[in-house]
Amino acid sequence: MSDPTATQHETDDQHGVVFPRDAQGRRSTTAVGRAVVADALRPVDPAGARAAGQETAWRSDYLVHFRRLVEAGVGGDAVTIARAGLDSLTSRLVCRQHDGEVPLADWPIDDERPATTEVVGAGEPEPALSLPFRGGRLHGDALRRQIDRWIVAGVVEPSVADAVGAVLDHPDWLRLEGRTVAVLGAGAEMGPLVPMLRWGARVAAVDLPRPAIWTRLLDQAHRRAGRLLLPTLVEGTADPGTAGADLLADAPTLAAWLAEVAGADQLVVGNYVYADGATNVRVATAVDVLSTRLLAERPDTALAFLATPTDVFAVPSAAVRASTRAYDDRSGTAKLVGRPLRTLSGGRLLRRSYVAGADPGINDSLIPQQGPNYALAKRLQRWRATVARHDGGLVSLNVAPPTRTRSVVKNRALAAAYAGAHRFGVEVFEPATANVLMAALLVHDLHTGGGPAHAEPWQDEAYAAVHGGLWRTAYAPRSILGMAALFGWGAARR
């Protein structure tokens, strides 16, 4: 999740979606990110737009502007902000082909589409939802009790019990009859491919043509109960050496392929892609092109996203009250130590998370080390979810918990912070638990029209949020990041 450079220079291997060249011939991610945030704010917050557009230290000070995007959207302007942000980003990035660059709107479909292979699993479908947890699996009432414990601990929002409970009550939902789920970034640890194959669903998998990825995915497909569709060079050949496709270069062509393999099924497009640095924005934009083209061709297409918990969210007053109580009720030792630490740090350490009584509160869990490109890529997905839902589409967007994925733990500072997070009431999930839980929430959304209807987009995002405690901890998350890392450094090294 690191973002080591603010400006990406041209390299020979850049292809597909790329940042535009500036007047000096550079592909500046800073210039684009700053402009997109300013454009998103401009219709509703001209002062915020001006501040973002004139920010001279974008790499370090982008945090305040991404927070302002959320604050400005509360009260009815979130859809306007989302549309403006999407229009700005997709009009600025371009598609680089062998014969030049074209606007994303003119990105053509390749004459040669991928061939298709279908693998039918030999296993029996899992008859009901079960959740991997601490070396075992939780079923039925045991799973309900664990969710209740998470609710009491402030790890998840109470509505998670309603959503997961509905899936437990309707085990037939798990097979997703009449739907083909396209898992983009099929090899992602947080993606739903494996649980959906366990449940017997029909899944179209898209990931890079790397044999190591497809060896693992094909093994899962053969052992599970579902049907796996994959793009290949040779029709009907399940060979890891010929499987896969590059979304960054072939998004329109893959959109056409998905429309074809889905047939009469409802198509669900699940976005689980991730890349380092500027490439994360590029591949997120490529997926957005794919999604919007499918929506234009097949309006009943459903969109699915996982929101990162390390972002800015408007949160319900109940979360604000819980955090306020936790702050007021902290131990005498915590109060004694906290005062001098706040003073010596200029107020940066151990701060309150919210103004007491805020409704909604603004939870700012952005992590500076993740960088502005990561923030923009994830915000793009939230913007698309907001617009698609407003326009009548079926959307599943759920806040996923902090999770020990490879992309997180390879960053030593984040790995250490995650190892020490429990000292501040934040629970970090194992990938096996997180991905099944989030897949279950997706199943719920697909069978309930995207979940309950709410008056504002922030309320849709807050429903069934699995934030790991970041919304309800006593302290503003960024004000405990360094201390959590200090406490967890030894454990992370082990």
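Analyst: This is a predicted model. Let's start with Trp150, which has 2% relative accessibility and so counts as buried.

User: What is the relative accessible area of Phe133, and is Phe133 buried or exposed?
Analyst: Phe133 comes out at 13%, which is under the 20% cut-off, so Phe133 is buried.

User: How do I read a pair of aromatic rings?
Analyst: You use two things: the distance of the centres and the angle of the planes. Here, the ring centres of Phe133 and Trp150 are 5.7 Å apart and their planes are at 85°, so this pair is edge-to-face. Phe133 belongs to strand β5 and Trp150 to helix α5, so the pair ties together parts 17 residues apart in sequence.

User: And how are the rings of Trp150 and Phe429 arranged?
Analyst: Their centres lie 5.0 Å apart with the planes at 40°, so that pair is tilted. Trp150 in α5 and Phe429, in the loop between α15 and α16, are 279 residues apart, so to speak distant parts of the chain. Both Trp150 and Phe429 are buried.

User: How many aromatic pairs does the structure hold?
Analyst: There are 9.

User: How about two packed helices?
Analyst: Again two things: the angle between their axes and the distance between the axes. The axes of α1 (residues 29-41) and α2 (residues 46-53) come within 8 Å and cross at roughly 175°. The two helices are therefore roughly antiparallel. Residues making the contact include Val37 and Leu41 of α1 and Ala49 and Ala52 of α2.

Conventions: Residues are numbered from 1 along each chain as its sequence is written. This is a predicted model: local features need pLDDT of at least 70, side-chain atom pairs count only at pLDDT 80 or more; totals for chains, interfaces and linings use all residues. Side-chain values use heavy atoms; hydrogens and water are left out. Axes are lines fitted to C-alpha atoms, for helices over the stretch in contact, and angles run from 0 to 180 degrees between N-to-C directions. Helices (H or I, at least four residues) and strands (E, at least two) are DSSP runs, numbered from the N terminus. Angles under 35 degrees count as roughly parallel, over 145 as roughly antiparallel, 65 to 115 as roughly perpendicular and the rest as oblique. Contact means heavy atoms within 4.5 Å. Rings of Phe, Tyr and Trp (its six-membered ring) pair if their centres lie within 6.5 Å; planes under 30 degrees apart count as stacked, over 60 as edge-to-face and the rest as tilted. Buried means under 20% relative accessible area, exposed over 50%, partly exposed in between (1.4 Å probe, protein chains only).
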